[in-house]
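Colleague: I should like to go through this model with you, one local feature at a time. May we begin once it is in view?

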Amino acid sequence: MKPLGPLMLLRPQGGHKRLLRAADGFYHGLHVPVTVVDHVANFVLETDKPFIADPTTYFFVLRPERLCDADKKAVRPWLLRLAKGFGAPFEVALGRRALVPADFPEKGNATDDAVRRVLTHQKAKFLGQMNLPLEPYYAKYALYGDSAPASSSPPPAGPAFLVPPYFPFRNVEDPWYDLDLRLAERALSVREKGERIAPVIHLDAVALEDEAVVDRIVADYRARAFDACLLWVNDLPEDAAPAEHLRGLVRLVRGLSSGGRQVFKLYGGYFSMLLFAQGLTGFTCGLGQGAWKNAYAFGPGGGAPKPKFYVPALHRSMELANAERLLREHGSLRCPCKACRDVYGSNIDRFAAMGEDGHCESHFLYARQAEAKALLDRGVDSCLTALTTTAGKFGDNALVKVAALRTWREVLAPT
Ligand SMILES: [Zn+2]
């Protein structure tokens, strides 16, 4: 059974726990890095929702100095723990050099062992957290439709899908492309009974420009019995992406999902919601930010990101000060949700308080729920028409920036 609308898997931070405990009906699941701190891992289990524990193996292709703490010139402790969990070749390379495809030889057992450990680490991380009974985990398979494991034994507690090690690739000629596919294939053979495998296809946006490349990726991944595919187009903000990249993404989603395979996009926004009509099962996102991600931008940590305000009619987030200017200028862009009513209501002078106490995040959840309801009640064509109406109403203006709405409409218009 196909879900009625796109599934949204949130990427929570520690500070979101209180908010999300009260927002059970606002999201379907969670996407966390396997390195997540214990109290967030506990929270993930407590929600009793499906989750993905991303192995984040892409860190290991960065130059060693990028993985060091800015001050200490030493590898960050959480990466050391991750590498220890994964073993060779991750542990051997960390701090010395970037991984290369030759670290995963085709002959011998070393590669199978590495893949097995990456999968096992995703399960082990969550097994040790809480003494929850296994029964709640049946529920998540109901959510994911009728393709639950055929095994009669209960599914193991843990992630909804296990993710094979993956690394970003530029195009299908890139040795990392072949390696990703091979590692994902190995995951199918080393998994335990009932486990579901979902490889990450972590591609450069440039690969989306060439239909032949997209079709090759579709053919390669469709030819293998993966339970789902997770797409990560590196560094592609949907609200700034050129039409040709979004067109390639649509082609990729349609191709991968044809025949009913589940396809999720990692780091998505409203465009990803609309991709539901093209076959996308769901997407992951932060609470009002993190709608895209660049694996290569990893550097010295700068603490928690500042809250941003999601402007519902424009379907994108902006800095609070810019959002305030915009809402002062265009009263029609103000939001009637409970969070907004409680904080600023009709008095825009109080808007700055949205930056405190999770109000922006709470507002985002309401706004996203309204978007989902509109998609469900009125259908995608009506949502596309609304994009044109909004774009027409505001015209081009440095602050409003409606060009993305036109691009989305153009790319997704029925042909
Ligand atoms: Zn609101």
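Colleague: Which residue follows helix 14?

Modeller: This is a predicted model, in which local features need pLDDT of at least 70, side-chain atom pairs count only at pLDDT 80 or more, and totals for chains, interfaces and linings use all residues. Residues are numbered from 1 along each chain as its sequence is written. Helices (H or I, at least four residues) and strands (E, at least two) are DSSP runs, numbered from the N terminus. After helix 14 comes a residue with a positive phi near 60°, namely G395.

Colleague: How far apart are the end C-alpha atoms of helix 14?

Modeller: The expected span of a helix is 1.5 Å times one less than its number of residues. Helix 14 has 15 residues and should therefore span 21 Å. The distance in the model agrees with this: 22 Å.

Colleague: Within what arc do the buried residues of helix 14 fall?

Modeller: A residue is buried if 20 or more other C-beta atoms lie within 10 Å of its own, exposed if 12 or fewer, and partly exposed in between, with C-beta atoms placed from the backbone. In helix 14 the buried residues are C383, L384, L387 and A391. They line one face of the helix, because the directions from the helix axis to their C-beta atoms fall within an arc of 100°.

Colleague: Which residues of helix 14 are exposed, and what covers the buried ones?

Modeller: On the other side of helix 14, the exposed residues are D381, S382 and G392. Contact means that two C-beta atoms, placed from the backbone, lie within 7 Å. The cover over the buried residues includes helix 10 (270–274), helix 13 and helix 15 (403–412).

Colleague: How are helix 13 and helix 14 oriented to each other?

Modeller: Axes are lines fitted to C-alpha atoms, for helices over the stretch in contact, and angles run from 0 to 180 degrees between N-to-C directions. The axes of helix 13 (residues 359–378) and helix 14 (residues 380–394) come within 6 Å and cross at roughly 125°. Angles under 35 degrees count as roughly parallel, over 145 as roughly antiparallel, 65 to 115 as roughly perpendicular and the rest as oblique. The two helices are therefore oblique.

Colleague: Which residues of helix 14 meet helix 13?

Modeller: Helix 13 contributes A374, L375 and R378 to this contact. The residues that they meet in helix 14 are V380, S382 and C383.

Colleague: Is S362 buried or exposed?

Modeller: S362 lies in helix 13 and touches L19 and A339, not counting residues up to four places away in sequence. With 25 other C-beta atoms within 10 Å, S362 is buried.

Colleague: Which helices do the buried residues of helix 15 pack against?

Modeller: The buried residues of helix 15 are A404, L405, T407, W408, V411 and L412. They fall within an arc of 160° seen down the axis, so they line one face of the helix. Their partners are helix 9 (243–257), helix 10 and helix 14.

Colleague: What is the phi of K401?

Modeller: K401 is in the loop between helix 14 and helix 15. K401 is partly exposed, with 17 other C-beta atoms within 10 Å. Although K401 is not a glycine, its phi is positive, about 45°.
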